[in-house]
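User: Please take me through this model, beginning with the ligands and their surroundings.

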Amino acid sequence: MAEPIRVVVTGAAGQIAYSLLYMVARGEVFGKDQPIILHLLDIPPMVGVLEGVVMELADCALPLLVEVVPTTDPAVGFKDVSAAFLVGAMPRKEGMERKDLLSANVKIFRTQGQALDKFAKKDVKVLVVGNPANTNALVCSSYAPSIPRENFSAMTRLDQNRATSQIAAKVGVPISAVNNIIIWGNHSSTQYPDAGQGKVVVNGAVKSVVDAVNDASYLQGAFVETVQKRGAAVIAARKMSSAMSAAKAACDHMHDWWNGTAPGKFVSMGVFSDGSYNSPKDVIFSFPVEIKNKQWKIVEGLTLSDFAKSKLSITGKELQEEKDEALSVLDSNVSNL
Ligand SMILES: NC(=O)C1=CN([C@@H]2O[C@H](COP(=O)(O)OP(=O)(O)OC[C@H]3O[C@@H](n4cnc5c(N)ncnc54)[C@H](O)[C@@H]3O)[C@@H](O)[C@H]2O)C=CC1
Ligand SMILES: O=C([O-])CC(=O)C(=O)O
C-alpha cells in the first residue's frame, strides 16, 4: 500500500461535501490503492454538523480512510495537503447570478490562498468549486505565490458533464459514446458549451457530433442555453443548488488531473489563460486540456467558427470584469492578480 496522502475538503459540512467526501474516501479519485487522510474544514457555527459528518464517515467503514481531521482552523486544514477541494462558500439563491456572490466569497479565497501558501505541499493541486469559481481561483492563487499558478483550477466539469449528457440524449447513445465536448470561459451563464469538436460513436463508427446531430440551430441555440442555464434550473426545482452532480464533477476533474487523460481525449478546466484563442490573459478561463504526469496543457490549434469566436469574446469580457471587481472588493494591489 502507498503512503497516505492528505486531502482537504472545505465547506465540509455543506451539501456538495456530503456527496464528495464519500466518493473521495472510497477511492474514486486517487485510486483504490491510495490511503487517504481527510481534512474537513468548515467555520465555527458548523462544528456540530461537522461532528455528524465525521461520525458518518466512520460508520461507512471505508478501508482507504486512515484518518479524519475535522477543523475550523485553516492552519490545520491545509497542513501538508496534496490535494484541495475548495468548496466552502455561499451558494446562490433563485434569481441571482453566480457573480453576485463575488463580494461575499472572494475574501474566503484570499484567506485560503494565504493558508495554502503557508501550510500546503508546494505541489498541491487546488480545485476551486465555490462560486464565482473562476475568479475565486484567480484570487486564491494570487495569495499563494509560493505555489505554481498551474496548480490552481476552477471547476467547469459539471458544465462539461451536462453538455455531454444533453448530446448523448439527443443522438440516442450512451454517455460513454460522447467525447471532447468543450466548455469555454467562465462558469457562468456566459460560458460557451461547444459541441463543434465533439466525437460520438454511433453503431460502432466514430462521427463528429455536428454530423450526428445534424441540426445547427439546436447546437447554437437550445443546446447552448440549456447548459448555460442548467444551474439555475436545478435551483428553481430544488430550491438549493446542484450538489450531487457538482460532487461527481469535482471527482471527475481531480481524477483526470491526478491520473491523466486518454490519448486523443480532452476535458475542460478553468486554468490560467495564456491568451490562447484570443482569450484575455491572466484570468482563469475554461479551455480544453490534455493531462499527462499531473500537468495540464491547453489543446491548441482547434478551428473555431465565427459564432464560437464571438461567444468566447463575451465570456472573456465577463471574466475581465469579474477580475476588476475582485480587485476593488479586496481593495488591494496584489501585484500578480
Ligand atoms: N463550480 C461549480 O460547478 C459549482 C459550484 N457550486 C458552488 O459551491 C459552493 C458550495 O455549495 P454547497 O455545498 O451547495 O453550499 P452549502 O451552503 O451547502 O455549503 C457550504 C459550506 O461552506 C462552509 N463555509 C463557508 N465559509 C467557509 C470558510 N471560510 N471556510 C470553510 N468553510 C466555509 C459553510 O459553513 C457550509 O458548510 C457554492 O458557492 C456554490 O455556488 C455549486 C455547484 C456547482
Ligand atoms: O448554479 C449554481 O449556482 C450552482 C452551480 O454553479 C451550478 O449548478 O452550476
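User: What should I know before reading the numbers?
Analyst: This is a predicted model, in which local features need pLDDT of at least 70, side-chain atom pairs count only at pLDDT 80 or more, and totals for chains, interfaces and linings use all residues. Residues are numbered from 1 along each chain as its sequence is written, chains are lettered from A and ligands numbered from 1 in the order in which they are written, and side-chain values use heavy atoms, with hydrogens and water left out.

User: Which residues surround ligand 2?
Analyst: The shell consists of Arg 92, Arg 98, Asn 131, Leu 158, Arg 162, His 187, Gly 231, Ile 235, Ser 241 and Ser 242; a residue belongs to it if one of its heavy atoms lies within 4 Å of the ligand. By class, two are nonpolar, five polar and three charged. Here Ala, Val, Leu, Ile, Met, Phe, Trp, Tyr, Cys and Pro count as nonpolar, Asp, Glu, Lys and Arg as charged, and the others, Gly among them, as polar.

User: Which helices contribute to that shell?
Analyst: α6 (157-171) and α10 (230-238) each supply at least two residues to the shell around ligand 2. Helices (H or I, at least four residues) and strands (E, at least two) are DSSP runs numbered from the N terminus.

User: How far are the polar side-chain atoms of Arg 92, Asn 131 and Arg 162 from an oxygen atom of ligand 2?
Analyst: The distance is 2.5 Å for Arg 92, 2.9 Å for Asn 131 and 2.7 Å for Arg 162. The protein covers 93% of the 260 Å² of accessible area that ligand 2 has on its own; such areas come from the Shrake-Rupley method with a 1.4 Å probe.

User: And ligand 1, what comes nearest there?
Analyst: Gln 15, Asp 42, Met 90, Val 129 and Asn 131 come nearest, out of 25 residues around ligand 1. That shell divides into 14 nonpolar, 10 polar and one charged residue.

User: Which atoms pair up at ligand 1?
Analyst: One oxygen atom of ligand 1 is 2.6 Å from an N or O atom in the side chain of Asp 42. A side-chain N or O atom of Asn 131 is 2.8 Å from an oxygen atom of ligand 1, while a polar backbone atom of Val 129 is 3.1 Å from a nitrogen atom of the ligand. Of the 870 Å² of accessible area that ligand 1 has on its own, the protein covers 87%.

User: Changing topic, which residues does UniProt list as "binding site"?
Analyst: One set in the unreviewed entry covers Asp 42, Asn 105, Val 129, Gly 130 and Asn 131, and the lining of the largest pocket takes in these five residues: Asp 42, Asn 105, Val 129, Gly 130 and Asn 131.

User: Where in the fold are Asp 42 and Arg 92?
Analyst: Asp 42 is in the loop between β2 (36-41) and α2 (47-59), whereas Arg 92 is in the loop between β4 (83-86) and α4.

Notes:
A polar contact is a pair of N or O atoms within 3.5 Å; within protein, one must be able to donate a hydrogen and the other to accept it, and residues adjacent in sequence count only if both atoms are side-chain atoms. UniProt positions are given in the numbering used here, feature names are shortened, and annotations may be inferred rather than shown by experiment. On a 1 Å grid over the protein atoms alone, a cavity is a set of points where a 1.4 Å probe fits but cannot get out, and a pocket is an open set with protein on both sides within 12 Å along at least five of seven lines; lining residues have an atom within 4 Å of a point.
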